[in-house]
Amino acid sequence: MLKPLGDRIVVKVIEDTEQTSGGIFIPDSAKEKPQKGEIVAVGLGKMNDKGEREPMDVTVGQTVLYAKYAGTDIKMDGTEYKILSIKDALAIIE
């Protein structure tokens, strides 16, 4: 499994449904990039000027909304992941 460094998180991408409420299927070419995912790993946090680690605002298992073109895409064992800086996580979805 991936272990993020510093203030980074690993997010398992959550794809939106491929069918509209009216029953129309959306082709891959017309889909927008997903912007939400489940956190599967969290780094230790960023070091501040005093040499202390700043605590992370998120934990494993939370679902987050992230910036549209943020992070690095990774595919492992057929599953899509993103490695993001914590600053690219916009909100926690509860």
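I began at the N terminus and read the elements of the chain as β-β-β-β-β-β. My tally came to six strands and zero helices. For my own reference, helices (H or I, at least four residues) and strands (E, at least two) are DSSP runs, numbered from the N terminus.

A reminder before going on: this is a predicted model, where local features need pLDDT of at least 70 and side-chain atom pairs count only at pLDDT 80 or more, while totals for chains, interfaces and linings use all residues. Residues are numbered from 1 along each chain as its sequence is written, and side-chain values use heavy atoms, with hydrogens and water left out.

**Entry 1: the sheet**

I looked up how the strands are arranged. They form an open sheet of six strands in the order β4-β5-β1-β2-β3-β6, with antiparallel pairing. β4 (72–76) and β6 (89–93) stand at the edges with a single partner strand each, so one side of each has no neighbour in the sheet. On average, neighbouring strands of this sheet are turned by 40° against each other, direction ignored. Axes here are lines fitted to C-alpha atoms, for helices over the stretch in contact, and angles run from 0 to 180 degrees between N-to-C directions.

I noted that strands of a sheet pair through backbone hydrogen bonds, either parallel or antiparallel. Two strands count as paired if DSSP finds at least two bridges between them.

**Entry 2: pair by pair**

I checked β1 (residues 8–13) next. It pairs with β5 in the antiparallel sense over five bridges, and Ile9 stands opposite Leu84 in β5. β1 is also joined to β2 (residues 36–42) by five bridges, again antiparallel; here I found Val13 opposite Gly37. Then I turned to β4 and β5, an antiparallel pair with five bridges, where Met76 faces Thr79 of β5.

**Entry 3: buried or exposed?**

I used these cut-offs: buried means under 20% relative accessible area, exposed over 50%, partly exposed in between (1.4 Å probe, protein chains only). Buried residues make up 23% of the 94 residues in the chain.

Tyr66 sits in strand β3 (residues 63–66) and is buried, at 0% relative accessible area. Its C-alpha atom is 7.1 Å from that of Ala91, 25 residues apart along the chain.

Ser85 belongs to strand β5 (residues 79–85) and counts as buried at 14%. Leaving aside neighbours within four places in sequence, Ser85 is in contact (heavy atoms within 4.5 Å) with Asp7 and Arg8.

Leu90 in strand β6 is exposed, with a relative accessible area of 55%.

**Entry 4: the salt bridge**

How many salt bridges does a search of the whole structure find? I got one. Lys82 forms it with Asp73, and their closest N and O atoms are 2.6 Å apart. The rule I applied was a side-chain nitrogen of Lys or Arg within 4 Å of a carboxyl oxygen of Asp or Glu. Lys82 counts as buried, at 4% relative accessibility.

**Entry 5: the surface**

The accessible surface of the chain comes to about 6700 Å², of which 50% belongs to carbon and sulfur atoms. Accessible areas come from the Shrake-Rupley method with a 1.4 Å probe; for residues, only the protein chains shown count as cover. I also found Leu65, Leu90 and Ile93 forming a nonpolar patch on the surface, with about 250 Å² of accessible area together. Patches are made of residues with over 30% relative accessible area and no salt bridge: like charges are joined within 9 Å, nonpolar side chains (Val, Leu, Ile, Met, Phe, Trp, Tyr) within 5 Å.
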